[in-house]
Amino acid sequence: MLSAPAPGLLPLLLALSLLCRGAAGQYSSDLCNWKGSGLTHESHKKDVEQVYLRCSEGSIKWMYPTGALIVNLRPNTLSASYKHLTVCIKPFKDSAGANIYLEKTGELKLLVRDGDHSPNKVYCFGYDQGGLFIEATPQQDISRKITGFQYELINKGTASDLHTVSAPCRPCSDTEVLLAVCTSDFVVRGSIRDVTNEAEQQESVIDISANKLYRQKSKVFQPTEENGSWRGQIKTPLECGVRPGDGDFLFTGRMQFGEARLGCAPRFKDFQRMYKEAKDKGLNPCEIGPD
């Protein structure tokens with residue numbers, strides 16, 4: 001037979017139970033993704049809920065938003081400093097019901113306005129610029145409102161990441177190209193078969209035929225039956241004005257929210273020159289067969 005808890009133990013157990021419930025509501029079960037509902041708030045209260053995530057990428061999904069969320073993001077690696085990180089968020093297509101702010105020391109800067117449905121737009125900011133504060137907007141009917149976005153933490157000290165995020169249309173310097181070759185998620189030699197411009201999405205899709213695959217972390221490029229070549233597609237902003245052209249290029253880039261994004265892409269003969277000059281001086285950051 002189980003004995004009854006000691007007289008002073010029952011209040012302690014109840015307090016611990018309530019504390020655990022509160023923590024369960026604040027922390028994501030997998031530390032990468034959070035899903036919650038504003039319906040848990042009492043109608044007369046404007047609650048502010050803390051969300052803690054420890055991951056380099058994931059998502060937030062807030063159904064029936066009321067009150068506010070403070071989203072605390074941390075990478076899943078040990079680091080003494082996060083100042084070299086860039087945070088990028090990509091709102092869901094139908095995200096609605098709240099404004100998303102950048103908050104630092106009590107000051108709010110609007111990042112994404114409720115109802116701004118710019119297709120595939122990605123918002124990036126330095127980790128040291130502040131955290132995310134999500135505030136529900138007044139609604140007569142919240143039953144169909146869901147605020148949500150994907151997020152990524154990027155090392156802005158990496159040349160390919162910094163170029164893709166901050167200035168995707170700017171030509172890369174020789175140094176940026178050589179670093180991109182060493183640090184990009186994919187590096188291939190190939191030619192442009194076709195370019196499809198998607199005006200609604202404000203993007204260009206580049207169809208590439210690759211004859212040399214140096215590296216890829218995801219299966220962006222798939223083998224074909226044509227003399228051992230590879231085929232794949234890379235996206236870049238429409239404003240960059242990419243067009244089909246003759247000759248081989250060295251395509252580098254990174255995966256962003258599951259899509260291949262173009263980074264540095266010099267003509268291959270220019271890359272060969274850069275690589276040889278750096279190698280002769282002992283300055284190339286990594287070894288790669290340029291032929």
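Modeller: Contact here means heavy atoms within 4.5 Å. The model is predicted, so local features need pLDDT of at least 70 and side-chain atom pairs count only at pLDDT 80 or more, while totals for chains, interfaces and linings use all residues. Residues are numbered from 1 along each chain as its sequence is written, and side-chain values use heavy atoms, with hydrogens and water left out.

Biologist: Which residues does Ser 209 touch, not counting residues up to four places away in sequence?

Modeller: Ser 209 touches Arg 189, Gly 190, Ser 191, Arg 193, Ser 229, Trp 230 and Arg 231, with that exclusion.

Biologist: Why is Ser 209 called buried?

Modeller: Buried means under 20% relative accessible area, exposed over 50%, and partly exposed in between (1.4 Å probe, protein chains only). Ser 209 has 16%, so Ser 209 is buried.

Biologist: How many aromatic pairs does a search of the whole structure find?

Modeller: The search finds 5.

Biologist: What makes the pair of Phe 249 and Phe 251 tilted?

Modeller: Rings of Phe, Tyr and Trp (its six-membered ring) pair if their centres lie within 6.5 Å; planes under 30 degrees apart count as stacked, over 60 as edge-to-face and the rest as tilted. The centres of Phe 249 and Phe 251 are 5.8 Å apart and the planes stand at 40 degrees, so this pair is tilted.

Biologist: Why does Phe 251 count as buried?

Modeller: The relative accessibility of Phe 251 is 2%, so Phe 251 counts as buried. Phe 249 is also buried, at 13%.

Biologist: Which residues do ring pairs link into a cluster with Phe 268?

Modeller: Phe 271 and Tyr 275 are linked with Phe 268.
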